[in-house]
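Subject: Handing over the structure

Dear colleague,

I am passing this structure on to you, and below it you will find my notes on what turned up when I went through it. Please read them with the structure open beside you.

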Amino acid sequence: MSESLDEFRARARAYIRQHIPEGVDSYTMGSDSDEEELEDVARSRELQRLLHDGGLTGILVPEQYGGQGLTAAHSEVLNEEMAGRRHPFRLQVPTMTPCMTVILEFGTEEQKKKHIPAILRGDEIWMQMLSEPGGGSDVAGAQTRADRDGDEWVLNGSKIWTTGAWWADWALCLARTNWDVPKHRGLSVFMVPFDAEGVEMHRIELLNGSKEFCQEFLTDVHIPDSCRIGDVDDGWTVGRRWMFYERSFGSSPHTLRPAGGTMATFGELYDLAHEAGRADDTQARELVGEARALALAMGQLAERIPAAVTSGRMNDQAASVIRLMGCRVGRRLSTIRWELLGSMAGAWTDDDDDLGRWAEAFLSRQVSEIGGGTTEMARNVVSERVLGLPRERTPDQGVPFRDVPMGPPSR
Ligand SMILES: Cc1cc2nc3c(=O)[nH]c(=O)nc-3n(C[C@H](O)[C@H](O)[C@H](O)COP(=O)(O)OP(=O)(O)OC[C@H]3O[C@@H](n4cnc5c(N)ncnc54)[C@H](O)[C@@H]3O)c2cc1C
């Protein structure tokens, strides 16, 4: 018999109180030193292992793959019980969602038994190899090639903007396996270990000093056919679900998100208004109210759309609505914090921990509108695939990929 929500809550609470330290984790692409970043990764793996040993990982994952075989409601309970506790944030996105969810949906029995328990134990961290130097928006236009060689595939090409690849173990990789059919019909998905021979990784330094992004050069990388996910040339079937999971990661029951986000935003902003001496200022109060309304609306949307997709009332492309709204809300919240702080946000020192954090968040507020697919692309998907407006004409429609005019492969 399945564990009731009350029984699960009691078990989770007892274990978390005894084993999981208090504290708050959030993922920012900061300028931590490599040593600090690797320590963070190791801490995330340890926390994941602790949760795993307490039977608190893979809440929705079937038991035969090391999970608990429970429900999204149990996952919500876990999020509530984890409020105010450290959590393995570096293993959530993209390891749990979308990578693990893709393996769960499309992997063979052998693939699931090998990788899912390892992911749940914190032994495998996964990344996504989608974007290429030639462009990331046109995901289906991938030029990284995979050629069949007996029981193996030989991968050649380059992927870029792979966040955190340098401290990760595996990646899902979209590659072209057939050049004689239109672009969406000649792709396949592979699981690639980062330590495979022929994978050369370069780190890209951003203006703020972060070296989180990587570019991988794949030269004659041999991958066994047992690492292919889904059918040959049918990678777009996998890819569409992959994008769905990626766009709705914020509401995925597979992703641990300790509760308190919405209220914390409200509380945080209220504290910021105080800190800036503006708690009684009408304009500041309106800003805090606006933030509260946006966070509530976002929370509702993040519940309603996945429910509509699950029940078949909306197609899975509707995840782009969440993505679009999430980006707009995130951007506005950063701006509201900035506006609340006024001149205090214009200059800060290393001692002003919070102020520096909010000012940097404001400066990099566009990041979320690019990572995971740009908001322009999300608008295209919403208009064409959700609202049913006419499709944009593209010169590569129905054309064998090898005949599509393109520049030399960028390396
Ligand atoms: C924080 C962050 C993390 C990331 N992590 C990863 C990762 O782990 N793995 C990975 O593979 N990639 C990752 N990316 C890359 C990201 O997916 C791409 O940057 C994104 O898809 C856009 O691709 P691009 O940068 O090549 O821009 P392009 O595709 O060259 O687009 C340039 C501009 O043109 C617009 N545009 C392009 N086509 C259209 C169209 N048809 N209609 C309207 N506008 C259009 C775009 O919206 C954009 O504004 C990450 C990016 C960021 C910022």
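Helix 11, which covers residues 375-386, supplies three residues to the shell around the ligand, and that is the largest share. Please keep in mind throughout that this is a predicted model.

The shell consists of 22 residues, and among these G136, S137, W161, T163 and T374 come nearest to the ligand. Sorted by class, the shell holds twelve polar residues, eight nonpolar ones and two charged ones. Both parts of the domain assignment take part in the shell, since domain 1 (128-234) and domain 2 (260-386) each give at least three residues to it. The centres of domain 1 and domain 2, taken over C-alpha atoms, are separated by 32 Å.

Which atoms of the protein lie 2.9 Å from a nitrogen atom of the ligand? One is a polar side-chain atom of N380, and another is a backbone N or O atom of Q128. For E376, an N or O atom in the side chain is 2.9 Å from an oxygen atom of the ligand. The ligand taken alone exposes 980 Å², and the protein buries 67% of that area.

Q128 also belongs to strand 1 (residues 126-129), where Q128 and W126 point one way while M127 and M129 point the other way, and all of them are buried.

Is W179 buried or exposed? W179 counts as buried, because its relative accessibility is 15% and the cut-off for buried is under 20%. W179 and P193 are 14 residues apart in sequence, and from C-alpha to C-alpha they are 25 Å apart in space.

With best wishes

Note on methods: Residues are numbered from 1 along each chain as its sequence is written. This is a predicted model: local features need pLDDT of at least 70, side-chain atom pairs count only at pLDDT 80 or more; totals for chains, interfaces and linings use all residues. Side-chain values use heavy atoms; hydrogens and water are left out. A residue is near a molecule or strand if one of its heavy atoms lies within 4 Å of it. A polar contact is a pair of N or O atoms within 3.5 Å; within protein, one must be able to donate a hydrogen and the other to accept it, and residues adjacent in sequence count only if both atoms are side-chain atoms. Accessible areas come from the Shrake-Rupley method with a 1.4 Å probe; for residues, only the protein chains shown count as cover. Helices (H or I, at least four residues) and strands (E, at least two) are DSSP runs, numbered from the N terminus. Ala, Val, Leu, Ile, Met, Phe, Trp, Tyr, Cys and Pro count as nonpolar, Asp, Glu, Lys and Arg as charged, and the others, Gly among them, as polar. Domain bounds come from an automatic or database domain assignment. Buried means under 20% relative accessible area, exposed over 50%, partly exposed in between (1.4 Å probe, protein chains only).
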